[in-house]
Amino acid sequence: MKQLAIFDLDGTLLNTIKDLGEAVNFALDKNGFHTHSIASYPFFVGNGVRRLIERSLPEDARKQSTVVETMLRDFKQYYNEHNTDRTQPYDGMPELLHQLQEQGVKLAVASNKYQQATEKIIGHFFADIDWVAVVGQQEGVPVKPDPSIIFMILSQAKVAKQDTLYVGDSGIDMEAARRACVDSVGVTWGFRPVKELKENHANVIINKPIDILPIIENGIPL
């Protein structure tokens, strides 16, 4: 039985895309750039806020550090106030987390979202979960797919790699799990297509949160 389940945040635990898109559009509009449809944003997210901002900008603007920094400031100003407005847990996720917690499985979050927002959002939606670690993007620590934050969580949880399951919705997540040498589960309800999960060697792919339970109990099916 797995002793630790590490979850990505955006696209895995929570559908955050509307709040993220609206915050970027606020910053784009404030700085005189064209905005994007919310449907565009699932392909902009995944590598942290800076890359999200860069992808939203015209090619010439994304190379200008002063523009990116201004956009980051305006994005965070808006997002810090509105990051729970339209965000929602995916169906079945709260129930899954409670069941895992009742079974004694340690739970953690590994996100490329900056730490302040990660803590606020997890605290808002999952305050009744006793997380062993909630780790977002931090200064001086590389973002996923670098495995550093997974190693931080393993250290805090005091759980071995072979007893750990990593759950995410993107190729970035699957690659981070591979580099950390932990088993990975790709979820189809998030922001990225199944093809991306397969191409990045997800150990198993599931369609609903409850499907994680037998993997926790019995390991990755052969």
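**Entry 1: the whole chain.** I began with the contacts (heavy atoms within 4.5 Å) and found that residues 24 or more positions apart account for 65% of those in the protein with a separation of 6 or more. The model is predicted, and local features need pLDDT of at least 70, side-chain atom pairs count only at pLDDT 80 or more, while totals for chains, interfaces and linings use all residues. Residues are numbered from 1 along each chain as its sequence is written, and side-chain values use heavy atoms, with hydrogens and water left out.

I then looked up the radius of gyration, which is taken over C-alpha atoms: the protein has 17 Å, which agrees with the value near 17 Å for a compact globule of 222 residues, the globule rule being 2.2 Å times the number of residues to the power 0.38. Along the principal axes, the C-alpha atoms fill a box of roughly 55 × 35 × 30 Å. Of the 222 residues, 52% count as buried, that is, under 20% relative accessible area, where over 50% is exposed and in between is partly exposed (1.4 Å probe, protein chains only).

I noted 10 helices and 8 strands, which are DSSP runs numbered from the N terminus (helices H or I, at least four residues; strands E, at least two).

**Entry 2: α1 against α2.** Helix α1 (residues 17-30) packs on helix α2 (residues 49-56) at an angle of about 60 degrees, with their axes 11 Å apart; axes are lines fitted to C-alpha atoms, for helices over the stretch in contact, and angles run from 0 to 180 degrees between N-to-C directions. That makes α1 oblique to α2, since angles under 35 degrees count as roughly parallel, over 145 as roughly antiparallel, 65 to 115 as roughly perpendicular and the rest as oblique. On the side of α1 I listed Leu20, Val24 and Leu28, which meet Leu52, Ile53 and Ser56 in α2. By class, this contact has 5 nonpolar, 1 polar and no charged residues (Ala, Val, Leu, Ile, Met, Phe, Trp, Tyr, Cys and Pro count as nonpolar, Asp, Glu, Lys and Arg as charged, and the others, Gly among them, as polar).

**Entry 3: α2 against α4.** I found α2 and helix α4 (residues 65-82) packed at an angle of about 115 degrees, with their axes 10 Å apart, which makes α2 roughly perpendicular to α4. The contact includes Val49, Arg50 and Glu54 of α2 and Val68, Glu69 and Phe75 of α4; its residues divide into 7 nonpolar, 1 polar and 3 charged.

**Entry 4: lysine 198.** I located lysine 198 in helix α9 (residues 194-199), where lysine 198 is exposed, with a relative accessible area of 57%.
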